[in-house]
2 protein chains.
Amino acid sequence: MAAQAGVSMGTVSHYLNHPSRVSAEKAGRIQAAIDNLGFVRNNAGRQLRLGRSTTMAYIVPDVSNPFFATIAEGVEQRASEAGLSVFLANSGGKRAREDSYLELFQEHGVLGILVASPEPIEDRLAAIKSRGTPSVLVGQLAASPAQPSVSIDDVSGGYLAARHLIEIGCRRLAFVGGPLSIRQVADRLQGASRAVREAGSATLEIIDVEPRVIAVGHKVGAEIAGRPEANRPDGVFTVNDMLGIGLVQTLVTSGVRVPEEIAVIGYDDIEYAENSLVPLSSIRPPHQEFGIAAVDLMLVMVEEKESDLHRVFAPELVVRRSAER
Amino acid sequence: MAAQAGVSMGTVSHYLNHPSRVSAEKAGRIQAAIDNLGFVRNNAGRQLRLGRSTTMAYIVPDVSNPFFATIAEGVEQRASEAGLSVFLANSGGKRAREDSYLELFQEHGVLGILVASPEPIEDRLAAIKSRGTPSVLVGQLAASPAQPSVSIDDVSGGYLAARHLIEIGCRRLAFVGGPLSIRQVADRLQGASRAVREAGSATLEIIDVEPRVIAVGHKVGAEIAGRPEANRPDGVFTVNDMLGIGLVQTLVTSGVRVPEEIAVIGYDDIEYAENSLVPLSSIRPPHQEFGIAAVDLMLVMVEEKESDLHRVFAPELVVRRSAER
């Protein structure tokens, strides 16, 4: 290749590893030779040469939840600043698929893995770390001090949501979402439950449903609208915005007034919340900052620096018409 | 490893390549030995052994558009049936990032690449093919007969949208979206333009904006609501649903009645369209079938079978309240 481009081997190597340090004219000749020879860089060799990988991975359970896309933007931004490319993978919330991606990313020698998972996963991540690949748990506080994680204080988020419903006069609250085996779901319910307990006079019904998607929100809305009025909740907290968007749509088209008869508040503050039939109140976690923090923690692990390995963000309440009285 | 697990080398190899054919008891012992020895499968070696890669890639320009997530589900489903894992990558619509992912996926030896791109890309895909990696262009009909593609008949989609607006009585139509350098945008406008031409008495204004996101829809809505009534369009076709959702929200909150004063129709029929402030009419492309077809075409390329390399899907009109009169 060096011969065909009419440059030294050193210049070719320089071009491959630091393209900006080679003159445009030489770079053009080398690239032409590369194209001409049909050369594809061998990644394994390149990693050995550079001493570390230029890729990282991010495994998510549900690529169709827009909250994931918002975090992914922060991940891409910080990764790009660090000279890294990001392989995304969608586990679909399935343990077997998640395992297969964890395995695959190790085989491909990624620098580190970010993973959001509805499954118990810390033991598996510890095993992966012992074989050389660090990871950051995304969206859930790690139980182990050695496992880095970025999470939201979901207990506080659930508390904010239910307390707001109580403050605007709701007394028969309902929590919509499941399964409770998912830490984030259980934490949000725990916070809501605390607010109800503090209020004294309020009650909390649990409507345990999954998956947490718009279509399920429609189903719950139809069920509630079908009850005798006295048996309906007057304030509903859905564990995410997709459930809330579906719920509001079906309640309103079934003739139930939102927020007058039933106030509704969601969680995640996705872009579609404020544009739904009745603009949805929500609990707003950090968006891009969350992905940025996850990449930073991963780099800390790679560089084996001293650091606090757990970042917990506080969410805030966003009140829109669905819960205004 | 075989020694530690107390099984033959052949059984270990069997377990690695066809885990389901090894007894649960032996599999447990081999996995324990693997964990114990900190063994990470070497992907390059494995590919040589199996003769082909077990991964494929899917590059998208905008991970935050829910239409992408819907296609990704079809891709995952068919890939999984074919025993493949899918690496997703978000190019952000940026040429440099797209090139870097194309390069990276070749280096990692993927079986094939699906790519949705707003940039001219067929020359680059041909070069990649000549080096051994086939690709399928997603969302756009390839100009080259040799380049496989799955696309929607966007001219027909644009025609359906504008003709519907004209049929319900709109005469001052507006098309919102850009840039026209993107094939899909230009095609949708071309179809709309044909419907307006056929109608004779109607006019078509172009409001050229990008990016095609909710926030830009809000901006266009404010601009239109700010005009004297006689200068407002009475029917708007937005080039995607995100623009349409933002537009409807701002028109309504500015006191413009939708659909009575301005009817609105979007494109893509994302889940959030029917749940927006005024349920949004839209043009529905195939959803999961689209991703399935893309993977199938990629496998046809890998197996070098004879096939028609271009699949063009017909979209359909979905009328909801935003364009009912």
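Let's start in chain B with Q140(B), which is buried at a relative accessible area of 16%. That puts Q140(B) on the buried side of the line because the cut-off is under 20%. Bear in mind that we're looking at a predicted model. Q140(B) lies in the loop between β4 (135–138) and β5 (149–152) of chain B. Leaving aside residues up to four places away in sequence, Q140(B) touches S117(B), S149(B), V150(B), S151(B), R183(B) and Q184(B).

Now for the way the two chains meet. The size of an interface is often given as the accessible area lost when the parts come together. Here, about 4100 Å² is buried between chain B and chain A, with carbon and sulfur atoms giving 55% of that area. On the chain B side, E107(B), Y272(B) and N275(B) lose the most area to chain A, and together they make up 17% of what that side buries. If you'd rather count residues, 49 residues of chain B are in contact with 49 residues of chain A.

Between chain B and chain A, 14 residue pairs are in polar contact, with both residues at pLDDT 80 or more. Several elements of chain B give two or more residues to the side that touches chain A, among them α5 (66–81), β2 (85–90) and α6 (95–107). The largest share of that side comes from α6(B), with eight residues.

Which salt bridges cross over? The rule finds two across the interface of chain B and chain A. In one, E76(A) pairs with R97(B), with the closest N and O atoms 3.4 Å apart. There's also a salt bridge between the side chains of R97(A) and E76(B), at 3.5 Å from N to O. R97(A) sits in helix α6 (residues 95–107) of chain A and E76(B) in helix α5 of chain B, so this pair joins two chains. E76(B) is buried, with a relative accessible area of 4%.

Zooming out, the whole structure holds 32 salt bridges over all chains. One of them brings together the side chains of R188(A) and D154(A), at 2.9 Å from N to O. This pair links distant parts of the chain, with R188(A) in helix α9 (residues 183–199) and D154(A) in helix α8 (residues 154–167) of chain A, 34 residues apart. Both partners are buried: R188(A) has a relative accessible area of 9%, and D154(A) one of 3%. R188(A) also lies over the face of Y267(A), at 3.7 Å from the ring centre.

Over in chain B, the charged end of R188(B) sits over the ring of Y267(B), 3.8 Å from its centre. The ring centres of F237(B) and Y267(B) are 6.2 Å apart and their planes are at 40°, so the pair counts as tilted. This pair links distant parts of the chain: F237(B) is in strand β8 (residues 235–238), while Y267(B) is in the loop between β9 (263–265) and β10 (282–284) of chain B, 30 residues apart. F237(B) is buried as well, at 2%.

One last stop is an aromatic cluster formed by F87(A), Y101(A), F105(A), F87(B), Y101(B) and F105(B).

Methods. Residues are numbered from 1 along each chain as its sequence is written. Chains are lettered from A and ligands numbered from 1 in the order in which they are written. This is a predicted model: local features need pLDDT of at least 70, side-chain atom pairs count only at pLDDT 80 or more; totals for chains, interfaces and linings use all residues. Side-chain values use heavy atoms; hydrogens and water are left out. Rings of Phe, Tyr and Trp (its six-membered ring) pair if their centres lie within 6.5 Å; planes under 30 degrees apart count as stacked, over 60 as edge-to-face and the rest as tilted. Helices (H or I, at least four residues) and strands (E, at least two) are DSSP runs, numbered from the N terminus. Buried means under 20% relative accessible area, exposed over 50%, partly exposed in between (1.4 Å probe, protein chains only). A charge sits over a ring if NZ of Lys or CZ of Arg is within 6 Å of the ring centre and within 35 degrees of the ring normal. Contact means heavy atoms within 4.5 Å. Buried area is the accessible area (1.4 Å probe) that two parts lose on being put together, summed over both. A salt bridge is a side-chain nitrogen of Lys or Arg within 4 Å of a carboxyl oxygen of Asp or Glu. A polar contact is a pair of N or O atoms within 3.5 Å; within protein, one must be able to donate a hydrogen and the other to accept it, and residues adjacent in sequence count only if both atoms are side-chain atoms.
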